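Hi,

Here is the structure I promised to pass on. Have a look at it first, and then read on for what turned up when I went through it.

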Amino acid sequence: AWLTWFLAKNSELYGAAIVELAVVAPVLTVLGLSAAQYSSLFFAKNQVNHAAFLAARAGSVGNASIDAIKQAYIQGLVPMYGGGSTPAELAKSLANATEAVNGKDGPGAYIEMLNPTKEAFEDWNDEKLQTLLDTKGKRVISNRGLGLSTDAVRANSGESRQDANLIKLRIMQGIKPAVPVVGSIYTAYLKYLDTGSDANRSALIQKGLIPVVTNVTMQMQSDAIEPDHPVSSPGSGNGGNPVDPGEPPTTPTNPTQPCSESSNPTGCDLPSDPDPGGGGGACEVPVKAEMSADALFDFDSATLSPTGKSNLAQFMAPYLNKTFDKVVINGYTDPLGNDAYNIDLSQRRADAVALYLNQLGLKVMDVPVVRGKGATSPKVNPDDCKNKTGDDLKACYAPDRRVTIELTPHS
């Protein structure tokens, strides 16, 4: 009788323990996998930081060459993609790192040289060094005699020559999740949070990769030679005063807003209840954008630059899942040159933008309206550009060179 009672009591305890284990075990498993994924990302971030340092060093001694920067960065990733102790093992790891950066279906990493900027090359170009280094027309920022230099800040770039001799890189590397289940959950969560404000980040997330970003700044140790498409960051910025950038962008839960008499160009019904939370009667407002032609094309060119394509992809990211009734694209030029040439150039630029938006997946119900307007509707007063020549004249008329895009939402 005693044995029967003992077994009965213990069977109750064992049953309760099994139930508790069934509840707790999945939670502990997810926590353990999450810790493993975090550890993997922590290691990856450290390795990316190290590789970025090697890339900046290569650029600092290699005339800010993008090719040298990229090759050094790839070599810095070798330990993360296998490492090795023999030439064969190292060659295999180098191939893996190269594939991780270049990607099979688009880049797996994005390397941006944020400084020297386009405006820094405009301000501090050394024509004698252009001839000495045989740069084939590319501008050069001298690295010589910086310790004795008292160069003042210049208006186009907001930089002194010492500032222009800092190489700044921003590298975004896509990391493939290494841990099952948790990796899939994390990438799905990233897709949900993605606002589309960064085209490169969105591209990596859509490929199922986790974007890891690092920034590095280093003193130039050689003369910087202008890359093919330098980043533009004009002006003196915030004058050295720290500014709170505010909260990061968030995924909108209700991208529409109620129509009003002043914001109803789409023809949708006006809501009877003006409260946006009341539901019904809401319509999306038209999208209007004006882009500098210099951010899309090289000067006097109608072929989109890589930077221009990236800018258009970033602009389009929030609208790829929407359908529009109408799109109007207008191209404008500065007044330099004759009218016939400017009309033709602006038309070709507008056509190039329309074609690329279509390739990105823009959905439009009506036939797009694409117009080249030449130097009409100028923004610059010609008197402000008097007595300017060469690059100064081009810079003065820069606001006139633009492309406008208007998207009318589907009602």
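Let me start with P227, which touches I66, M113 and F121, leaving out residues up to four places away in sequence. Keep in mind throughout that this is a predicted model. P227 sits in the loop between β5 (224-225) and β6 (257-258). Its relative accessibility is 14%, so P227 counts as buried, the cut-off being under 20%. P227 also has N63 at 9.5 Å, C-alpha to C-alpha, although the two are 164 residues apart in sequence.

Now the overall picture. The chain has 411 residues, and 36% of them count as buried. You'll find 11 helices and 12 strands in it. Of the contacts with a separation of 6 or more, 73% are between residues 24 or more positions apart. The accessible surface comes to about 23100 Å², and 56% of that belongs to carbon and sulfur atoms.

In soluble globular proteins, nonpolar side chains tend to be buried together. The largest nonpolar core here has 34 residues, and those touching the most other members are Y73, L77, I141, I167 and L169. At least two residues each come from α1 (2-61), α2 (66-76), α3 (87-102), β1 (109-115), α4 (118-124), β3 (166-175) and β4 (210-219). The biggest giver is α1, with seven residues. Apart from this core lies another one, of 24 residues, and F297, F315, A350 and V403 are among them.

Not counting residues up to four places away in sequence, its contacts include A56, G59, S60, A64 and I69. M113, N115, V216, T217, M218 and M220 are also touched by I167.

Then there's Y110, which is found in strand β1. At 17% relative accessibility, Y110 counts as buried. Setting aside neighbours within four places in sequence, Y110 is in contact with R170, I171, M172, N200, A203 and L204.

Helix α9 (residues 306-316) deserves a look down its axis. Which of its residues are buried? They are G308, L312, F315 and M316. Viewed that way, the buried residues of α9 fall within an arc of 95°, so they line one face of the helix.

The structure holds two aromatic pairs. One of them, Y319 with F324, is edge-to-face, at 6.0 Å centre to centre and 75° between the planes. Y319 and F324 are both buried.

Two arginines sit over rings as well. R154 lies over the face of W124, 3.7 Å from the ring centre. The charged end of R402 is over the ring of Y332, at 4.1 Å from its centre.

Most residues other than glycine have a negative phi, and most peptide bonds are trans. Here are the exceptions I'd look at:

- N115 and P116 are joined by a cis peptide bond, with omega about 5°. P116 lies in the loop between β1 and α4.
- D134 has a positive phi, near 50°, and is not a glycine. D134 is in the loop between α5 and β2 (140-141), and at 52% relative accessibility it counts as exposed.
- D300 has a positive phi too, of about 65°. D300 lies in the loop between β8 and α9, and with a relative accessible area of 42% it is partly exposed.

Cheers

How values were computed: Residues numbered from 1 in each chain as written. Predicted model: local features only at pLDDT ≥ 70, side-chain atom pairs only at ≥ 80, totals over all residues. Heavy atoms only, no water. Buried < 20%, exposed > 50% of the residue type's maximum accessible area, 1.4 Å probe, protein only. Helix = DSSP H or I, 4+ residues; strand = E, 2+ residues; numbered from the N terminus. Arc of directions from axis to C-beta. Core = buried A, V, L, I, M, F, W, Y, C linked by side-chain atoms within 4.5 Å. Contact = heavy atoms within 4.5 Å. Phe/Tyr/Trp six-rings, centres within 6.5 Å; stacked < 30°, edge-to-face > 60°. Lys NZ or Arg CZ within 6 Å of the ring centre and 35° of its normal. Areas by Shrake-Rupley, 256 points an atom, 1.4 Å probe, with all protein chains shown as cover.
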